[in-house]
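Let us walk through a protein model, from its overall build down to single residues. Keep the structure in view as you read.

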Amino acid sequence: MLVSAKAMLQSAEKGHYGIGAFNTNNLEWASAILEAAEKTQSPMIIQCTGGAAKWQTSYRVVADIVRDLVEDMNITVPVAMHLDHGSYEDAFKAIEAGFTSVMYDGSHEPDFETNLKRTA
């Protein structure tokens, strides 16, 4: 089941356990991550960078792959889809595609004020 990373992390904090977060670059990686999550009955965060999304065509393709695998593999543990170190523009693309978590990385912004404004 796809869930918000926020809710997942809050549960982990209350339960005093960690959650694995693994980057995916293709169908096979995503499938292996989900198989391990289900086998160990562990909540999981599947991450994707902007480069990996471009390699796989788009954020929508990545989201579709993960959603379809969760359904077809009958995954019962919580799974979040996370944009890992995305640009400001990529954060919106990932959200629109159905990612349940994003990490905006403003370190490449032209100035500190732009970074602060976009982070807010």
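Start with how the chain makes contacts. Take contacts between residues at least 6 apart in sequence: 61% of them join residues at least 24 apart. Contact here means heavy atoms within 4.5 Å.

Before going on, note the ground rules. This is a predicted model, where local features need pLDDT of at least 70, side-chain atom pairs count only at pLDDT 80 or more, and totals for chains, interfaces and linings use all residues. Residues are numbered from 1 along each chain as its sequence is written, and side-chain values use heavy atoms, with hydrogens and water left out.

The protein has six helices and four strands. Both are DSSP runs numbered from the N terminus: helices are H or I with at least four residues, strands are E with at least two. Along the sequence, their order is α-β-α-β-α-α-β-α-β-α. The radius of gyration is 15 Å, close to the 14 Å that the globule rule gives for 120 residues, so the protein is as compact as a globular protein of that length. That radius is taken over C-alpha atoms, and the globule rule is 2.2 Å times the number of residues to the power 0.38. Along the principal axes, the C-alpha atoms fill a box of roughly 45 × 35 × 20 Å.

Next, the surface. Of the 120 residues, 36% count as buried. Buried means under 20% relative accessible area, exposed means over 50%, and partly exposed lies in between (1.4 Å probe, protein chains only). The accessible surface of the protein comes to about 7,200 Å². Carbon and sulfur atoms account for 56% of that surface. The areas come from the Shrake-Rupley method with a 1.4 Å probe; for residues, only the protein chains shown count as cover.

What about charge? The protein has 9 positive and 16 negative charges, and their mean positions are 4 Å apart. Lys and Arg count as positive, Asp and Glu as negative, while His and the chain ends are not counted. Each charge is placed at NZ of Lys, CZ of Arg, CG of Asp or CD of Glu.

How many salt bridges does a search of the whole structure find? It finds three. A salt bridge is a side-chain nitrogen of Lys or Arg within 4 Å of a carboxyl oxygen of Asp or Glu.

Look at helix 4 (residues 59-72), which holds both Arg67 and Asp64. They sit three residues apart, about one turn of the helix. Their side chains meet in a salt bridge, 2.6 Å from N to O. Arg67 is partly exposed at 28% relative accessible area, and Asp64 is partly exposed at 31%.

Move on to Lys93 and Asp90, both in helix 5 and three residues apart. Their salt bridge spans 3.9 Å, N to O. Asp90 counts as buried, with 16% relative accessibility.

Glu89 forms a salt bridge with Arg118, and the closest N and O atoms are 3.8 Å apart. Glu89 lies in helix 5 (residues 88-97) and Arg118 in helix 6 (residues 112-119), so the pair ties together parts that are 29 residues apart in sequence. Glu89 is partly exposed at 42% relative accessible area. Arg118 is partly exposed too, at 28%.

Finish at Tyr17, in the loop between helix 1 (5-15) and strand 1 (20-23). Tyr17 counts as partly exposed, at 40% relative accessibility. Leaving aside neighbours within four places in sequence, Tyr17 is in contact with Ser11, Ala12 and Pro43.
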